[in-house]
Amino acid sequence: MTILCVRFQLPPMYEAALPGLLGLLEEFTPVVEALPPDGALADLRGAERYFGRDAVELASVIRVRALALHGVDCLIGAGPGPMLARMALRDARPGVTRAVPADAVTEFLADKPVAALPGVGTATARTLCEYGLDTLGRVAAAPLSTLQRLVGAKAGRELHERANGVDRGRVVPNGVSRSLAAERPFDLDELDPDRHRRALLSAAEEIGARLRALEKVCRTLTLTVRYADRTSTTRSRTLKEPTAHSGALTRTAYGMYEALGLQRARVRVVVLRAEGLAPAEQASHQLTFDPVDEKVRRIEEVADRARAKFGPRAVMPGTLAA
């Protein structure tokens, strides 16, 4: 067990704390991959030899330090590879590291539903279940040729390997968040376009606040709308200029939503994702003589200082609409 998958139990909109927590992991190993908004992968092969402790023992030290230094608890999964560590994390509990030893991989995977395997989507899982391949144990036992006929040559080979515990993934150090997402589920399938727009407004303001806290800007905004029948629609739009301005993000989100032309659509979830992140100091901003825009940006600065001092709920979503 050389790979840890760690999920820090951060409050919403506190992603700005993630770099410090990544630094804690980097005290044990330089091979750390950020999994925004609240997680990371860490390769401890060198650390096990250096500290003379196994991954589970090191995970306990990491948990204690996260609590002592940052006041943040965490869930930790450990396995011989990134895929297995991620899957182990789903079974982890606070204070207890879920570990999958290399000699217990087959037993760990055997009874899990096929949809639990990373990379297996809803459509693939449905196809496999129709042929009785509803658990990873049954998929592992199926002939490779059968899987390739069902899901394709390349996908079938990868599925067969993963179901048999072959984990070819690796931890790729990145150190920075490459995207941010805000999800807004509805309590009931929602038909009202006004409620859809209010959810988009709230999501855009959350992303804007998180970007500014991280001193980042984004180049692209992606909107995903999931419907009651479990289908979804995704649209992306490149911004006129990289920005963390909530007003610009909101206008872009509204534009993508209107372009979908939804009529009486039963929406279950809307997800807004900021991509192509870059340092704010490297971004250029087109000067404007619009006093309203400048006023909104000044209000944003005040609201950000209030959030930093009093927490994310200090400014209610929707109060900064441009």
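Helix 11 covers residues 246-260, 15 residues in total. From its first C-alpha to its last it reaches 21 Å, close to the 21 Å expected at 1.5 Å a residue. The model is predicted.

**Helix 11**

- Helix 11 is mostly covered, with 11 of its 15 residues buried.
- An α-helix has 3.6 residues a turn, so residues three or four places apart point the same way.
- Just after helix 11 comes glycine 261, which takes a positive phi of about 60 degrees.

**Valine 225**

- Valine 225 belongs to strand 7, which spans residues 216-227.
- Its relative accessibility is 1%, so valine 225 counts as buried; the cut-off for buried is under 20%.
- Neighbours within four places in sequence aside, valine 225 is in contact with Thr231, Ser232 and Thr233, among others.
- Its contacts also include Leu260 and Leu262.
- Valine 271 lies 46 residues from valine 225 in sequence, yet their C-alpha atoms are 6.5 Å apart in space.

**Helix 8 and helix 9**

- Two packed helices are described by the angle between their axes and the distance between the axes.
- For helix 8 (residues 144-151) and helix 9 (residues 153-163), the axes come within 7 Å. They cross at roughly 130 degrees.
- Helix 8 and helix 9 are therefore oblique to each other.
- The crossing of helix 8 past helix 9 is right-handed.
- Helix 8 makes the contact through Leu144, Leu147, Gln148 and Val151.
- Helix 9 contributes Ala153, Ala155, Gly156, Arg157, Leu159 and His160.
- By type, the residues of this contact are 6 nonpolar, 3 polar and 1 charged.

**Whole chain**

- The protein chain holds 12 helices and 10 strands.
- Of its 322 residues, 43% are buried.
- Among contacts between residues at least 6 apart in sequence, 66% join residues at least 24 apart.

Methods. Residues are numbered from 1 along each chain as its sequence is written. This is a predicted model: local features need pLDDT of at least 70, side-chain atom pairs count only at pLDDT 80 or more; totals for chains, interfaces and linings use all residues. Side-chain values use heavy atoms; hydrogens and water are left out. Helices (H or I, at least four residues) and strands (E, at least two) are DSSP runs, numbered from the N terminus. Buried means under 20% relative accessible area, exposed over 50%, partly exposed in between (1.4 Å probe, protein chains only). Contact means heavy atoms within 4.5 Å. The expected span of a helix is 1.5 Å times one less than its number of residues. Axes are lines fitted to C-alpha atoms, for helices over the stretch in contact, and angles run from 0 to 180 degrees between N-to-C directions. Angles under 35 degrees count as roughly parallel, over 145 as roughly antiparallel, 65 to 115 as roughly perpendicular and the rest as oblique. A crossing is left-handed if the near helix is turned anticlockwise from the far one by less than a right angle, and right-handed if clockwise. Ala, Val, Leu, Ile, Met, Phe, Trp, Tyr, Cys and Pro count as nonpolar, Asp, Glu, Lys and Arg as charged, and the others, Gly among them, as polar.
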